[in-house]
Amino acid sequence: MTPVQQSQVLVCPHCKRKTALPPRNREGKSPNQHYWPTGNVALNLLCNVCRNLSVHSQGMVRPALVESEGLGAPPSVFVRITFGCDQDNCGLPFSLHIRTEAQTTEDELTTWGRSAIATTACSAGHPLGQNSTVISIVRIQ
Ligand SMILES: [Zn+2]
Ligand SMILES: [Zn+2]
């Protein structure tokens, strides 16, 4: 039997894979509190399995049992990648999140992120593409 633990998860609308959000215990909140990008209504999630990008709201977060790390599951990390729109000196940031293996390199994350955002646009409506600059790659947990 695989060890499991209760987590707050988002479900990929394409392949139904669950992605656990990191707990927000650093801020002294209850264990049911989970990470959410500060000041954002939406969280863009890049699925680690089907590589589709999906948009989630906090109302879509739900509790679920997931395989417990350190008890058999490979270590993973929840990463936020922020790109900057490169069109017309726009520079608007676009962030996406992925849970992936801990040893994934920043080059791999950049490549996955760039191909995922090719289907979307910045909030000024410019299509985001292969030339978007990486502003930051943050390993949240
Ligand atoms: Zn998926
Ligand atoms: Zn733009």
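1. The buried residues of helix H1 pack against S3, strand S4 (53–57), S6, S7 and strand S8 (133–139). Keep in mind that this is a predicted model, where local features need pLDDT of at least 70, side-chain atom pairs count only at pLDDT 80 or more, and totals for chains, interfaces and linings use all residues. Residues are numbered from 1 along each chain as its sequence is written, and chains are lettered from A and ligands numbered from 1 in the order in which they are written.

2. Which residues of H1 are buried? They are Leu109, Gly113, Ala116 and Ile117. Seen down the helix axis, the buried residues fall within an arc of 85°, so they line one face of H1; the arc is that of the directions from the helix axis to the C-beta atoms. On the other side of H1, you'll find Asp107, Glu108 and Thr111 exposed. Buried here means that 20 or more other C-beta atoms lie within 10 Å of a residue's own, exposed means 12 or fewer, and partly exposed is in between, with C-beta atoms placed from the backbone.

3. As for its dimensions, H1 has 12 residues and reaches 16 Å from its first C-alpha to its last, close to the 16 Å expected at 1.5 Å a residue. That expected span is 1.5 Å times one less than the number of residues.

4. Ala116 sits in helix H1 and counts as buried because it has 22 C-beta neighbours inside 10 Å. Leaving out residues up to four places away in sequence, Ala116 touches Leu46, Arg51, Leu53 and Leu96. Touching, or contact, means that the two C-beta atoms, placed from the backbone, lie within 7 Å. Ala116 and Arg51 are 65 residues apart in sequence, yet 7.1 Å apart in space from C-alpha to C-alpha.

5. Now the core. The largest nonpolar core has 21 residues, and Leu46, Phe94, Leu96, Ile117 and Leu128 touch the most other members. Two or more residues each come from strand S3 (42–46), strand S6 (76–84), strand S7 (93–101) and helix H1 (106–117). A core of this kind is a set of buried Ala, Val, Leu, Ile, Met, Phe, Trp, Tyr and Cys residues joined through C-beta atoms within 7 Å. In soluble globular proteins, nonpolar side chains tend to be buried together.

6. Leu46 deserves a click in the viewer. With residues up to four places away in sequence not counted, Leu46 touches Arg51, Leu53, Leu96, His97, Ile98, Trp112, Gly113 and Ala116. As for S3, 4 of its 5 residues are buried, so this strand is largely enclosed by the rest of the structure.

7. S3 runs antiparallel to S4, and 5 bridges join them. Leu43 stands opposite His56 in S4. The two strands form a hairpin with 6 residues between them, and Arg51 in the turn has a positive phi of about 60°. For the record, strands pair if DSSP finds at least two bridges between them.

8. There's also an open sheet of 3 strands in the order S2-S1-S5, with antiparallel pairing. Strand S2 (18–20) and strand S5 (62–67) stand at the edges with a single partner strand each, so one side of each is left without a neighbour in the sheet. Neighbouring strands of this sheet are turned by 60° against each other on average, direction ignored. Axes are lines fitted to C-alpha atoms, for helices over the stretch in contact, and angles run from 0 to 180 degrees between N-to-C directions.

9. What joins S1 to its partners? Strand S1 (residues 4–11) is linked to S2 by 3 bridges, with Val9 opposite Ala20. S1 and S2 form a hairpin with 6 residues between them, and Lys16 in the turn has a positive phi of about 70°. S1 and S5 pair in the antiparallel sense over 6 bridges, and Gln6 stands opposite Leu65 in S5.

10. Phi of Asp88 is near 50°, a positive value in a residue other than glycine. Asn89 is found in that loop between S6 and S7 too, with a positive phi of about 50° although it is not a glycine. Asp88 counts as exposed because it has 8 C-beta neighbours inside 10 Å, and Asn89 counts as exposed with 6.

11. Overall, the chain has 1 helix and 8 strands, running β-β-β-β-β-β-β-α-β from the N terminus. Helices (H or I, at least four residues) and strands (E, at least two) are DSSP runs, numbered from the N terminus. Of the 141 residues, 21% count as buried.
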